Amino acid sequence: MTIDTDAQPGPQGIGPVGPGIVLVDPVSSADVSQVAQVWRNAGWRVVHMSGGADLEAVLAGFGRVLSFPSRYGRNLDALRDCLADMRTDTAVLWSGWQPFQCDSPRDWGRLVDTIGQCLDEDKLDGFALLLV
């Protein structure tokens, strides 16, 4: 299932950053618990991730909040594989992402591309990354 950014269950996003990645309106995201509740009410599993100084920390964060198996290699290929194995509609609310985007634009782009590829290839069934 791919995410239709015009018909998603959560608060209106400012716009998509990439497939399945939405920048949530700052007014709507003032209370992250309210954003999470809207998505839960729509039937999604919601997890919260914060920060991530570099790609390694971001990948470790995904592994932790999404309870990836111990075989998760903390690289973009492993992220793609583990996301493709998910069977529950899941939204990751990521706060504190801005320093990673600003300080590591190349890695940020690679992360966005990896998630987008999963969605484009229909390997990902119900995943959204909400930037709050």
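**Entry 1: ground rules**

I started with Phe100, which is buried at a relative accessible area of 0%; buried here means under 20%, exposed over 50% and partly exposed in between, with a 1.4 Å probe and protein chains only. I am working on a predicted model, where local features need pLDDT of at least 70, side-chain atom pairs count only at pLDDT 80 or more, and totals for chains, interfaces and linings use all residues. Residues are numbered from 1 along each chain as its sequence is written, and side-chain values use heavy atoms, with hydrogens and water left out.

**Entry 2: aromatic rings**

I looked up ring pairs next. Rings of Phe, Tyr and Trp (its six-membered ring) pair if their centres lie within 6.5 Å; planes under 30 degrees apart are stacked, over 60 edge-to-face, and the rest tilted. By this rule I get seven aromatic pairs. One of them is Trp39 with Trp44, edge-to-face at 5.0 Å centre to centre and 85° between the planes. Both Trp39 and Trp44 are buried. Phe100 and Trp108 also pair edge-to-face, with 6.2 Å between centres and 65° between planes. Trp108 is buried too, at 9% relative accessible area.

**Entry 3: the cores**

Which residues have the most contacts inside the largest nonpolar core? I find Phe62, Leu66 and Trp94, in a core of 30 residues. For my own reference, a nonpolar core is a set of buried Ala, Val, Leu, Ile, Met, Phe, Trp, Tyr and Cys residues joined through side-chain atoms within 4.5 Å. Elements giving two or more residues to this core are strand E3 (45–50), helix H2 (55–65), helix H3 (76–85), strand E4 (90–95), helix H5 (105–120) and strand E5 (127–131). Helices (H or I, at least four residues) and strands (E, at least two) are DSSP runs, numbered from the N terminus. H5 supplies the largest share, six residues. Another core of twelve residues lies apart from it, with Val24, Val46, Ala91 and Leu130 among its members.

I then checked Leu66. Leaving aside neighbours within four places in sequence, Leu66 is in contact (heavy atoms within 4.5 Å) with Arg45, Val47, Leu83, Met86, Thr90, Val92 and Phe127.

**Entry 4: helices H2 and H5**

In H2 I noted Leu55, Val58, Leu59, Gly61, Phe62, Gly63 and Val65 as buried. The buried residues of H2 pack against E3, H3, E4, helix H4 (98–103), H5 and E5. Just after H2, Ser67 takes a positive phi of about 55°.

Over in H5 I picked out Thr114. Thr114 counts as buried at 5% relative accessibility. Not counting residues up to four places away in sequence, Thr114 touches Leu76, Leu79 and Arg80.

**Entry 5: strand E4**

Why is E4 largely enclosed by the rest of the structure? Because six of its six residues are buried. Thr90, Val92 and Trp94 are buried on one side, and Ala91, Leu93 and Ser95 on the other, so both faces of E4 are covered.

I looked up the strand partners last; two strands pair if DSSP finds at least two bridges between them. E3 and E4 pair in the parallel sense over six bridges, and Ser50 has Ser95 in E4 as its bridge partner. E4 and E5 also run parallel, joined by five bridges. Val92 stands opposite Leu129 in E5.
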